[in-house]
Amino acid sequence: MSNKLLLRFFPFLQWFPVSAGVLRGDLVAGITGALVLVPKAMAYAQLSGLPLYFGLYAAFVPAILGALWGSSRQLATGPVAIVSLMTAAAVTPLALPYSEEYIGLALLLTLLVGLIQLTLGVVKLGTIVNFVSHPVILGFMNAAAIIIGLSQLDMLLGIPKGRSDFFLQDIWEMLKFLPQAHLPTLAMAIFGLVLMLVMKKISVLAKASVLIAVVVTIMLSYIVGFEHKATATIDHIATPEVRELVAAYDETALRIREASAAATGLAGQLRQAQKEREARLAADLRHRLDLTKLDIQALEAQNGQRLQTIHRLYFLRGTIDEEMPELLYQADNIPPQLVSDGRKWHIKKIVNGEIQLVGGGDVVGQVPAGLPSFRLPTLSLDAVLQLLTAALIIALVAFMESISMAKAMASKNKQHIDPNQELIGQGMANIGGSFFQAYPASGSFTGSAINLQAGAKTGFAMVFNGLFVAATLLFLTPLLYHLPKAVLAVIILLAVTGLVTPQALKHTWKASRADGIVALVTFTVTLLAAPHLDKGIIIGAALSIGLYLYRSMAPRVAILGRHEDGTLRDLKVNPNLTTSPLVTSMRFDGSLYFANIAHFEDAVLEAVAKNKEAKYLLVVGDAINYIDSSGEEMIHHLVAQLRESGVEIVFSGLKKQILDVMRATGLYNLIGEQNIFSTEDRALTAIFQRLGDEAANDALLSRLQGLNVLQQQGDKS
């Protein structure tokens, strides 16, 4: 196996030999990055709708594989805010967050993202990301950053938030309960925010500001007893209407689980029937499966509405008689003789008749100790089809975030970045991560910047980073129990602040109105369609491609005149230029292909019609880079048509690839070698000579002749 092929399969071999000094620097960079990454990884998992420790899983295996098979030596692969939010947007419509089904779909999504990235890298299609233009990404990132910030309000304020198909409505509904904000949670969030901002201004503590804030707030949470949890049963709810509502939710949840199990069984029978080619049985099973799915969707919609109502209820727990058990009374309907501790409780979870109550701040809680176990994503054709579009968009967005950071760092370190190899690295990271319970990972701006600042020289920095995360999972998880989720929300807010870039949107608008419109449309659609973020990307990309096609269908056509300096320029820009009644000069600023040949032909015929005395039409073709068969055929007919009416077409500045097509098709001979010139001046000089005395009084041609004489005299002197 050649060295080149070996490095293609194992790019990390380029790191060797590694000196002890480089390895020591990578170790320091890896540990530094991991200290910041651990709390951030858990914060990002909070965005994804998965248990918080899945953020650590996404920071373990993907980090190592991304470093080993990528081309960047400083790129940090792991959980990031945008991809975490897109994961939740893709999976939430299909399953309840934090449920086992939700986790299974998230792992399947990771596998699909990895397979798409790996395939694109292997077939060297890294340039496909160019179809999602910079204005689209700019609009999407700004909208997503706002959505991320708003999505953390419930954690910052301690107010339960509903989940529906209209994110902004959920936020508006939540804000109606602002008077019921949990003040200790809000105080903890403000304390964490102030602590981080103050430490960021102290150079010695800036890098470790997040870690220090996490340690301090964990200790504070433990000392003041920030968390309060309790359990009860449905029968403990005193208000009959609320008791019936909670019981209906619990009963419907059981029916959903039973129907889901039935759907899984029917899907297995359907696959078997299709394998054995039993068409009638397969049709019957498909019908029953569709009906079961419709039932599940209806039940989930009912329970979704119930859960929104339940989450907004607050209770006081107490008794009105010493001989009676403690009951849950609605906070706005309390008996005057109630004896309670004064603490407000709300329902966190309902499972099989048991209610989990929260009466204090929300904390991370128990994080399972140990490394993520090997687990194959559950493959289902139906689930794959439902997740495929989202997986493709996540794969492209994640790669664009990764490659932009990798290129920025490579320019500073004078390294070469191979986009296709980076795609392979990101694909391997996600495929490997999907087998070890990681949700989709991407190149991280924050982690990569820390790597660069800490002096990382090779990918070993991320290998050490991943190993430190593994050590955290093995030995340090009990220390994270009392970490307030409000502090994680603050970490997310600070992380996405840099993604809101109104100045960049303004700059895009100034550079190009069309690009500015694309960015604003993408921003608006993403914001309004949330949580369905893929709609923003799809509509933005479609609009961007559509505008490009529109521009290429009608390239600029300029009628030219002679400027004082002797050059040919656009008459629209300079109306006082010298022109000729005998020669019409025009420039076409675009390639000639099927979509714009009508535009070119119309422009030529219009130019000829406006200057009826002209015997020559000069086409300045310096900007024509490509011609297809439709373009060649159109010119063929145009040359013949104009000759019949007494007008000869002359071309100048045609590129080699255009001339090659003309020679191959015979168009070159039809036009005639005498009508094809390297520059417009040579073409006009030849036309002047052909016209003879007829051109003596022509201002443009005689001026050209005078300029040529002056140039020859200058050359002789």
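These legends describe close-up views of a predicted model.

The model is predicted, and local features need pLDDT of at least 70, side-chain atom pairs count only at pLDDT 80 or more, and totals for chains, interfaces and linings use all residues. Residues are numbered from 1 along each chain as its sequence is written, and side-chain values use heavy atoms, with hydrogens and water left out.

**View 1. Confidence along the chain.**
pLDDT is the predictor's confidence in each residue, from 0 to 100. The chain has a mean pLDDT of 85. In the chain, 95% of residues reach 70 or more. Helices (H or I, at least four residues) and strands (E, at least two) are DSSP runs, numbered from the N terminus. Confidence is highest in helix H24 (residues 656-665), at a mean of 94. Confidence is lowest in helix H27 (residues 699-716), at a mean of 51. Over residues 709-717, pLDDT stays under 50. For that stretch the model has zero contacts beyond four places in sequence, where contact means heavy atoms within 4.5 Å.

**View 2. An open sheet of six strands.**
The strand order is E9-E8-E10-E11-E12-E13, and the pairing is mixed. Two strands pair if DSSP finds at least two bridges between them. The edge strands are E9 (568-570) and E13 (676-677), and each pairs on one side only. Strand E10 (residues 583-589) and strand E11 (residues 616-620) are parallel, with five bridges. Here Met586 has Val619 in E11 as its bridge partner. E8 and E10 are antiparallel, with four bridges.

**View 3. The hairpin of E8 and E9.**
E8 and E9 form a hairpin, with five residues between them. The two strands pair in the antiparallel sense over three bridges. Arg562 stands opposite Leu568 in E9. Gly566 sits in the turn and has a positive phi of about 95°.

Helix H22 (residues 597-610) lies across strand E8 (556-562), E10 and E11. H22 runs at about 160° to E10. Axes are lines fitted to C-alpha atoms, for helices over the stretch in contact, and angles run from 0 to 180 degrees between N-to-C directions. Helix H26 (residues 680-691) lies across E8, E9, E10, E11, strand E12 (648-652) and E13. H26 runs at about 170° to E11.

**View 4. An open sheet of five strands.**
The order is E2-E6-E5-E3-E4, with antiparallel pairing. Strands E2 (229-233) and E4 (327-330) stand at the edges with a single partner strand each, so one side of each has no neighbour in the sheet. From one strand to the next, the twist averages 45°. Strand E3 (residues 315-319) is joined to strand E5 (residues 339-351) by four bridges, and the two run antiparallel. Leu316 stands opposite Lys344 in E5. Helix H12 (residues 240-275) lies across E3, E4, E5 and strand E6 (354-358), at about 25° to E5.

On a 1 Å grid over the protein atoms alone, a cavity is a set of points where a 1.4 Å probe fits but cannot get out, and a pocket is an open set with protein on both sides within 12 Å along at least five of seven lines; lining residues have an atom within 4 Å of a point. Grid points are joined across faces, edges and corners, and a volume is the space filled by probe spheres set on the points. A search of the whole structure finds one cavity of 30 Å³ or more. The largest cavity has a volume of about 120 Å³. Of its 14 lining residues, Gly33, Leu37, Ser444, Thr446 and Gly447 are closest to the centre. H2 supplies the largest share of the lining, five residues.

**View 5. The second largest pocket.**
This pocket holds about 730 Å³ of space. Its lining has 33 residues, and Ile137, Met141, Glu401, Ser404 and Phe445 lie nearest the centre. H14 gives the most to this lining, with seven residues.

**View 6. Two loop residues.**
A cis peptide bond joins Phe16 and Pro17, with omega about -5°. Pro17 lies in the loop between helix H1 (3-9) and H2. Lys124 is not a glycine, yet has a positive phi of about 60°. Lys124 is placed in the loop between helix H6 (100-122) and H7.
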